[in-house]
There are 2 protein chains.
Amino acid sequence: MMTQIRIAIAGYGNLGRGAEAAIKQSPDMRLVSVFSRRDPASVTLLDSSVPVYAMDDIEQYQNDIDVLLLCGGSKSDLPEQGPQLAGLFNIVDSFDTHAKIPEYFTALDAPAKSAGKVALLSVGWDPGLFSLNRLYGEAILPVGETYTFWGKGLSQGHSDAVRRVAGVKSGVQYTIPSESAMARVRNGEQPTLSTREKHTRECFIVLADGADAEAVRSTIVNMPDYFSDYDTTVNFIDAHTFSEQHSSMPHGGFVIRSGVSGSDNAKQVLEFSLKLGSNPGFTSSVLVAYARAAYKMNQAGETGAKTVLDVAPGLLSPKTPAELRKELL
Amino acid sequence: MMTQIRIAIAGYGNLGRGAEAAIKQSPDMRLVSVFSRRDPASVTLLDSSVPVYAMDDIEQYQNDIDVLLLCGGSKSDLPEQGPQLAGLFNIVDSFDTHAKIPEYFTALDAPAKSAGKVALLSVGWDPGLFSLNRLYGEAILPVGETYTFWGKGLSQGHSDAVRRVAGVKSGVQYTIPSESAMARVRNGEQPTLSTREKHTRECFIVLADGADAEAVRSTIVNMPDYFSDYDTTVNFIDAHTFSEQHSSMPHGGFVIRSGVSGSDNAKQVLEFSLKLGSNPGFTSSVLVAYARAAYKMNQAGETGAKTVLDVAPGLLSPKTPAELRKELL
């Protein structure tokens, strides 16, 4: 019988729960433990037979874990946990603060190398699968333009921003890509698109008792950085409709490379898109597939910080290279 | 100044010409020579300063070439040339007879390993980029179904078949994916689709003098293997319209993975598509990007037969890993 890869999860929110479920879909892996900063007795898993331990005790489980999935947030959890845990385990995380990736890569690389471990950072869909497709596009069609559109999807950061507005009881924000802008890109026009032309924003708001709807709307649509550069629609709904229709976390988007090949000046368009019923459910599925790759890379002697750009695609699959050549090529 | 990768081309048809043009779009490479089985004096390149040599003399140029692109056909050229040239050069080819890939891989692996070279086979879009997307889809969403649709595009094999029909002077065949089938797949229905439901076929025919249109139509639509399992439309046009409207080689297609993530039972859909103005122009662009990867892999000490599944995406780019992390992640 195959030896299963032993996976552990650090941080049990939406992403951790998704990772637990994704591991269950993967017969070549098993979840051996979950670590939380909460009281372990208060953490309820999907599968109650897996032990939950205190994050502070994680060091003593080094020999029991092949790959540790860091399922905390990029703002405060990962910058602190990543460099520390990269010195103890093979880790995979979804660090997604794009501008700070180079700095975070450096912070993981040295401890991972010293410990002889792989630290695979910024795994997910953007950064992640979208990064891969930006790369394939520009490497294959060096003369061209790359466009990334997001949505339709719930933006956590923008939803947080509308919820901070006085008079808002509950609120969510959806980012919506412009169909007409995408049509121009797909047509090979290589247009220059302003921020306002690429995406619109749509908010669904439950007002607090006695709040002034027009004041709320105006505060939202004029909010600098978040909304003022976009065309924003604000819809007011009741609490029941809100919980019925706006409790899931859909997302997705499009990476389009429009280029021209050399011999015949032909227009060539590559497009990759995601339509995700659940953003954390999908991101955690990507993390789990890359955990398999991190394990194989470390088994092959690789160490240090890595990104999806460093991972040969075949390593993501539980199938052998010969099976993959026969079935998928 | 950067040392350019020295590329040579073996076989100068549509694919070889495309490769020459794609190399020109890549400042980190240069084309050093072209090899042909035709009389070298009869081969006219886009850039007349590059020497053309006889294929029989290729062995003496071993020290001048970093990567040799094999631009011959999969039916008879590559099975003969591949194993022989893999023992002399790092090679990249577009071998696309899906069922014979495992056997061809084996035939390249031993000579490449003995010679300390990399032999990167079956590079292009299918096999190639489509294979990668089938792999990413099933590795990330193990519970789901993968669908590949081709077109709208000119199929070389089916065009050859219609041209062999008595009474056909000129002819082309386009493969057309079913919009309604794709809509069901994108909607996450995971339908079971028959051959007839996935694609239709459309032919444009110039009749020979005195040919019987109905007899030609009937022979085509009932042709076993090629057309009898499909709904086929046959259009008769004049020679002028044919040369005006049916001389380019567009193609493309779609790989769609429809799956369900575990924690929330959410529908998740990945889609990769290509809309290619010129099939050989694009395929040769893919070959050239993978030539860069083959060179880097061999420089790093790797040898033997490889496929796109073995190539870390970052190796395709002329940019450094640090630049890629900063710009593309």
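Predicted model: local features only at pLDDT ≥ 70, side-chain atom pairs only at ≥ 80, totals over all residues.

Colleague: Which side chain makes a polar contact with the side chain of R201(A)?
Modeller: UniProt, in an unreviewed entry, lists R201(A) as a binding site, together with W150(A), T175(A), H251(A) and N279(A). R201(A) lies in strand 10 of chain A, residues 199–207. Its contacts beyond four places in sequence include H158(A), T175(A), Y226(A) and D231(A). The polar contact between side chains, at 3.0 Å, is with Q173(A).

Colleague: Is R201(A) buried or exposed?
Modeller: The cut-off for buried is under 20% relative accessible area. R201(A) has 7%, so the residue counts as buried.

Colleague: Which backbone oxygen does the side chain of H251(A) reach?
Modeller: H251(A), also in the UniProt binding-site list, belongs to strand 12 of chain A, residues 251–260. With a relative accessible area of 10%, H251(A) is buried. Among the residues it touches, apart from those up to four places away, are W125(A), W150(A), K152(A) and N279(A). At 3.4 Å, its side chain reaches the backbone oxygen of L154(A).

Colleague: Where is K152(A), and what is omega for the peptide bond from G151(A)?
Modeller: K152(A) sits in the loop between strand 7 (144–150) and strand 8 (153–154) of chain A. Most peptide bonds are trans. The one from G151(A) to K152(A) is cis, with omega near -5°.

Colleague: Which residue is joined to P127(A) by a cis peptide bond?
Modeller: P127(A) is in the loop between strand 6 (118–120) and helix 4 of chain A. The cis bond, with an omega of about 5°, joins P127(A) to D126(A).

Colleague: What is phi of S122(A)?
Modeller: S122(A) is in the loop between strand 6 and helix 4 of chain A, and at 0% relative accessibility it counts as buried. Most residues other than glycine have a negative phi. In S122(A) the value is positive, near 60°.

Colleague: Which residues of chain A does I140(B) touch?
Modeller: I140(B) is in helix 4 of chain B, residues 129–140. At 1% relative accessible area, I140(B) is buried. Leaving out residues up to four places away in sequence, I140(B) touches L129(A), F282(A), S285(A), V286(A) and A289(A).

Colleague: How far apart in space are I140(B) and R257(B)?
Modeller: In sequence the two are 117 residues apart. From C-alpha to C-alpha, the distance in space is 9.6 Å.

Colleague: How many charged residues are in the lining of the largest cavity?
Modeller: There are five cavities of 30 Å³ or more, and the largest has a volume of about 80 Å³. Its lining includes L129(A), Y136(A), F272(A), L129(B), Y136(B) and L270(B). The elements giving two or more residues to that lining are helix 4 (129–140) of chain A, and helix 4 and strand 13 (267–276) of chain B. By class the lining has nine nonpolar residues, two polar ones, and charged residues number none.

Colleague: Which side chain makes a polar contact with the side chain of H246(B)?
Modeller: H246(B) lies in the loop between helix 9 (239–245) and strand 12 (251–260) of chain B and is buried, at 10% relative accessible area. Beyond four places in sequence, H246(B) touches V172(B), Y174(B), F204(B), I237(B) and T241(B). The polar contact between side chains, at 2.7 Å, is with Y174(B).

Colleague: Which side chain does a polar contact join to that of K306(B)?
Modeller: K306(B) is in strand 14 of chain B, residues 304–306. It counts as buried because its relative accessibility is 14%, under the 20% cut-off. Apart from neighbours within four places, its contacts include F105(B), L120(B) and M297(B). The polar contact, of 3.3 Å, joins its side chain to that of E302(B).

Definitions and conventions
Residues numbered from 1 in each chain as written. Chains lettered and ligands numbered in written order. Heavy atoms only, no water. Helix = DSSP H or I, 4+ residues; strand = E, 2+ residues; numbered from the N terminus. Buried < 20%, exposed > 50% of the residue type's maximum accessible area, 1.4 Å probe, protein only. Contact = heavy atoms within 4.5 Å. UniProt positions renumbered as here; feature names shortened; annotations may be inferred. Polar contact = N/O pair within 3.5 Å; in protein donor to acceptor, adjacent residues only side chain to side chain. 1 Å grid on protein atoms, 1.4 Å probe; cavity = no way out; pocket = protein on both sides within 12 Å on 5 of 7 lines; lining within 4 Å. Points joined across faces, edges and corners; volume = space filled by probe spheres on them. Nonpolar A, V, L, I, M, F, W, Y, C, P; charged D, E, K, R; others polar.
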